[in-house]
Amino acid sequence: MSAELSYKDRVVIITGAGGGLGRVYALEFAKRGAKVVVNDLGTASSGEGADVKAADKVVNEIKAAGGVAVANYDSVEDGEKIVATALNAFGRVDVLINNAGILRDVSFGKMTDSDWDLVYRVHCKGAYKLTRAAWNHMRDNKYGRIIMTSSAAGLYGNFGQGNYSSMKMALVGLSNTLAQEGKSRNITCNAIAPIAASRMTETVMPPDLLALMKPEFVVPLVLYLCHESTTETGSIFEVGAGWVSKLRLQRGAGVLIPDITAEKVKENWAAVEDFSNPTYPTTPTESFSGIMTALNNPVKVSIAPVKAAAPAAAAAGASVVVAGYKASNVFETIQKTIGSNGAELVKKINGVYFIKVTQGGKSQTWTINLKTGNGAISIGEVGKQDVTITAADEDFVDIMTGKLNAQTAFMKGKLKINGNMGLATKLGNIMQKSKL
Ligand code: NAI
């Protein structure tokens, strides 16, 4: 069993701490030794009105239990005043929980500028103002723990919450960036998407479900993330009813579409949305690496020196050698591969290639059928192709032997592809497996 996490003498600002989730955060931090700034404007859920009683009540609760707390009644839009309260009362800021929130739910067709602006000002601008005001103190102290309160509505969208979901997602973006900017100064920042019984949810959830969603069940994750021993940063968590889960972005392998057009995007849609080989980028650099990998992924094979037109050695079927074409060697290799492994390739690839090789003003096409039977390769155009690949003789050999990057060749117009781009990419795999 872990030792109890202590927050002794840590100065914790919690916005919107007069009720709901904010109140239970405040009570628990105070119970564990923190000095707490209980901020609350005391508004209705819709953001209207103001009442000092909300914050006062929680401060009194904390004091009655022997804890240390001060009230602040400013709107989060005046973040610097809230930070000033912490500095005046306790001399520093260690933990900041951006929690205050309101709702102005309305379908987008009926949304007014004031619905949008008010939600922006409380959630997005408020969290910015407060965090900005605390940031340099945290930097100077080389210590900070920040929570942004997002929402499933932001992460996934929700009917009638265009304003709210926008701001909740904005907070994820801010959290991700602050996590990076704060790293060298021991400042962490994480976003949570809580679910808890409060006045915000009591009208949309049945009572028996609300009973399972006590705000107290969200508190432990926030405590953990805000502890000095916790280095977790830049993460997003869904949390409620005692269940905690971390989220991340998933990206499919994607497809590079040379000479991209809308029609080619349509043809390659299955590859665009294929998640069978995912990555999980966490920075813009890792995001960009998806493009760079596609551009730089060479097809690595090597072939034996070109021989004069000779019969296809160990391969079944007619010769695929055309005199004067160096590409013949490549096709011989593919023929051998099909001879030993054709049925499996047909199952995996399921496509017909026309490979058009140009040479001194002439051209010669080979057909690689990996769609029917045990596969076949033949000189000339046989049947109906799914993709046509065109390249000059030398370039084709260089590409297939890994001397010329296939994607670079596409970009430079040395390799043309018409039809199913995903299939074209798989051709490289056949060559890699053929081990020439
Ligand atoms: P709540 O309505 O019980 O508490 C929000 C508090 O923020 C209120 O006490 C209110 O007076 C205060 N507040 C509003 N505007 C303010 C301002 N401008 N300055 C200072 N204080 C202000 O709501 P609840 O449920 O506790 O929500 C807390 C946070 O969690 C909010 O950001 C909300 O969007 C978010 N959230 C809550 C969920 C839930 O299931 N309860 C679900 C997803 C997100």
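**View 1. Lys 168 and the ligand in a predicted model.** In this predicted model, an N or O atom in the side chain of Lys 168 lies 3.0 Å from an oxygen atom of the ligand. On its own the ligand has 820 Å² of accessible area, and the protein covers 96% of that area.

View 2. For Ala 100, a backbone N or O atom is found 3.5 Å from an oxygen atom of the ligand.

**View 3. The shell of residues around the ligand.** There are 30 residues around the ligand, and those that come nearest are Leu 21, Asp 40, Asn 99, Tyr 164 and Ser 198.

View 4. The domain assignment divides the protein chain into domain 1 (11–247) and domain 2 (262–434), and the centres of domain 1 and domain 2, taken over C-alpha atoms, are 55 Å apart. Along the principal axes, the C-alpha atoms of the protein chain fill a box of roughly 95 × 45 × 40 Å. The radius of gyration of the protein chain is 31 Å, whereas a compact globule of 436 residues would have one near 22 Å. Its secondary structure comprises 15 helices and 13 strands, and 46% of the 436 residues in the protein chain are buried.

Technical notes
Residues are numbered from 1 along each chain as its sequence is written. This is a predicted model: local features need pLDDT of at least 70, side-chain atom pairs count only at pLDDT 80 or more; totals for chains, interfaces and linings use all residues. Side-chain values use heavy atoms; hydrogens and water are left out. A residue is near a molecule or strand if one of its heavy atoms lies within 4 Å of it. A polar contact is a pair of N or O atoms within 3.5 Å; within protein, one must be able to donate a hydrogen and the other to accept it, and residues adjacent in sequence count only if both atoms are side-chain atoms. Accessible areas come from the Shrake-Rupley method with a 1.4 Å probe; for residues, only the protein chains shown count as cover. Domain bounds come from an automatic or database domain assignment. Helices (H or I, at least four residues) and strands (E, at least two) are DSSP runs, numbered from the N terminus. The radius of gyration is taken over C-alpha atoms; the globule rule is 2.2 Å times the number of residues to the power 0.38. Buried means under 20% relative accessible area, exposed over 50%, partly exposed in between (1.4 Å probe, protein chains only).
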